[in-house]
Amino acid sequence: MQPEADEGFAERLREELARRRMSRQALADMARISLSTLEKALSGSRPFTLATVVRIEEALGAALRGGNGGDPGVGRDLAPDHMGAYSRAAIRWIEQDYVTLRASFGTPGAVIAYRTRVAWDEAAGYLRFAEADRADGAFAQSGHVSMPNLSGHIYLSTNEQGQHRLIILSRPTREGRMFGLLTTLQVGAGSQLVPVACPIAFVPQAQLPDMAMGVIEPAHPAYADCRATLDRAMQDDFCRWRP
């Protein structure tokens with residue numbers, strides 16, 4: 001890499017480490033490089049090799065180099081291969097806010113509603129998602145979006161220091177809605193975390209502009225519609241439950 005490209009990559013890498021609250025040692029271990037190599041490259045005392053850059057990006061699941069030709073500050077419009085190599089022009093339809101519906105883990109029969117934004121990350125060159133307006137805001141998730149042609153599905157993945165959470169969604173229906181399955185961890189007894197999965201639905205927020213976010217219980221006026229929408233995930237075979 002050229003010196004100016006090295007400097008831009010190092011700056012973006014430092015920002016990414018700070019955003020994730022990840023130590024340099026943790027990154028070195030994930031990328032299978034020595035801490036000394038990483039420290040020297042970040043300080044500018046030695047250049048980043050292409051092999052080191054590729055390993056770092058693969059470990060983080062993020063494209064940190066600049067756009068075409070590696071120029072810092074130039075936007076990227078093609079996602080990495082491991083996310084499906086989709087172009088921004090081909091997936092603009094998915095960039096919007098969604099009302100997200102899933103079953104409540106704590107209140108039997110209730111539906112949880114919150115907002116998920118899917119948007120293109122100009123610097124990284126791929127789609128990101130971020131949750132908001134959750135009743136349990138401390139557990140709001142964010143991450144990257146993969147759209148491989150092979151399966152025809154959409155994957156919303158969170159990776160926080162090796163801990164994964166995954167949503168698999170169908171391609172949109174005629175109404176622009178997406179249905180699928182969420183796999184995550186639920187708080188169990190004491191400090192125990194238990195793997196759990198449930199159907200999930202993404203509805204364009206423009207279709208539910210007045211939707212209240214939070215726990216939607218049977219007495220709520222929107223409950224019947226929310227329950228019916230969420231139930232479509234399995235009734236229409238967007239996902240299957242095998243006990």
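Let's start with two strands, β1 (residues 96–103) and β8 (residues 193–204): they run antiparallel and are joined by five bridges. Strands count as paired if DSSP finds at least two bridges between them. Helices (H or I, at least four residues) and strands (E, at least two) are DSSP runs, numbered from the N terminus.

This is a predicted model, where local features need pLDDT of at least 70 and side-chain atom pairs count only at pLDDT 80 or more, while totals for chains, interfaces and linings use all residues. Residues are numbered from 1 along each chain as its sequence is written, and side-chain values use heavy atoms, with hydrogens and water left out.

β8 also pairs antiparallel with β7 (residues 178–187), through 10 bridges. Here are residues that face each other across these pairings:

| Residue | Opposite residue in β8 |
|---|---|
| Tyrosine 98 | Proline 204 |
| Glycine 180 | Isoleucine 200 |

The hairpin of β7 and β8 has five residues between the strands, and glycine 190 takes a positive phi near 60° there.

Now for the helices. The axes of α2 (residues 24–31) and α3 (residues 35–43) come within 9 Å and cross at roughly 115°. (Axes are lines fitted to C-alpha atoms, for helices over the stretch in contact, with angles from 0 to 180 degrees between N-to-C directions.) Arg24, Gln25, Leu27 and Ala28 in α2 meet Leu35, Leu38, Glu39 and Leu42 in α3, contact being heavy atoms within 4.5 Å.

Zooming out, the chain is divided into domain 1 (3–60) and domain 2 (81–236), bounds that come from an automatic or database domain assignment. Their centres, taken over C-alpha atoms, are 31 Å apart.
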